[in-house]
Amino acid sequence: NGHQLTRDREYLFEFDAWADQARPIEAKIGQDQSPFINYSKIGLTLVSTQKQKYSYTFKMEAKLIITPA
């Protein structure tokens, strides 16, 4: 909570994840208040039962500097 993103800059979003059963999750970088904009636009990630590192890059396209969740 509280990181600023700058328009037209690329960011790397990484996390480790696993589950009791394989399942899709929606991991995202987004606004923490209405209208809750999803800045990273990653979509669903299929998480397996084995711990795995997931890495995504995205370009910040919003017009203003924003503080995402």
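# Briefing: a four-stranded chain

The mean pLDDT of this chain is 87, and 87% of its residues reach 70 or more. The model is predicted. The chain has four strands and zero helices. Its pattern along the sequence is β-β-β-β.

**Confidence**

- Strand β2, residues 23–25, has the highest confidence in the chain, at 97.
- Confidence is lowest in β1, at a mean of 95.
- Where pLDDT is low, predicted coordinates should not be read in detail.

**Overall build**

- The chain has 69 residues, and buried residues make up 30% of them.
- Among contacts with a separation of 6 or more, 66% come from residues 24 or more positions apart.

**Nonpolar core**

- The largest nonpolar core holds 15 residues.
- L5, F13, F15, Y39, F58 and M60 touch the most other members of this core.
- Strands β1 (10–17) and β4 (52–59) each supply at least two of the core residues.
- β1 gives the most, with four residues.
- In soluble globular proteins, nonpolar side chains tend to be buried together.

**F15 and its contacts**

- F15 is one of the core residues that touch the most other members.
- Neighbours within four places in sequence are left aside in the contact list for F15.
- On that basis, F15 is in contact with I25, A27, Q52, K53, Y54 and Y56.

**T45 in strand β3**

- T45 belongs to β3, which covers residues 45–47.
- Is T45 buried or exposed? T45 is buried, because its relative accessible area is 3%, and the cut-off for buried is under 20%.
- Leaving aside neighbours within four places in sequence, T45 is in contact with R23, P24, I25, Y54 and Y56.
- I25, Y54 and Y56 are also among the contacts of F15.

**M60 after β4**

- M60 sits in the segment after β4.
- M60 has a relative accessible area of 0%, so this residue counts as buried.
- M60 is also among the core residues that touch the most other members.

**The loop between β2 and β3**

- P35 is placed in the loop between β2 and β3.
- The peptide bond from S34 to P35 is cis, with omega near 20°.
- F36 also has its place in the loop between β2 and β3.
- Phi of F36 is near 55°, a positive value in a residue other than glycine.
- F36 is exposed, because its relative accessible area is 55%, and the cut-off for exposed is over 50%.
- K41 lies in the loop between β2 and β3 as well.
- K41 is another residue other than glycine with a positive phi, here near 50°.
- Is K41 buried or exposed? With a relative accessible area of 57%, K41 is exposed.

**Points to inspect in the view**

- For the core, look at L5, F13, F15, Y39, F58 and M60.
- For backbone geometry, look at the cis bond from S34 to P35, then at the positive phi of F36 and of K41.

Conventions: Residues are numbered from 1 along each chain as its sequence is written. This is a predicted model: local features need pLDDT of at least 70, side-chain atom pairs count only at pLDDT 80 or more; totals for chains, interfaces and linings use all residues. Side-chain values use heavy atoms; hydrogens and water are left out. A nonpolar core is a set of buried Ala, Val, Leu, Ile, Met, Phe, Trp, Tyr and Cys residues joined through side-chain atoms within 4.5 Å. Buried means under 20% relative accessible area, exposed over 50%, partly exposed in between (1.4 Å probe, protein chains only). Contact means heavy atoms within 4.5 Å. pLDDT is the predictor's confidence in each residue, from 0 to 100.
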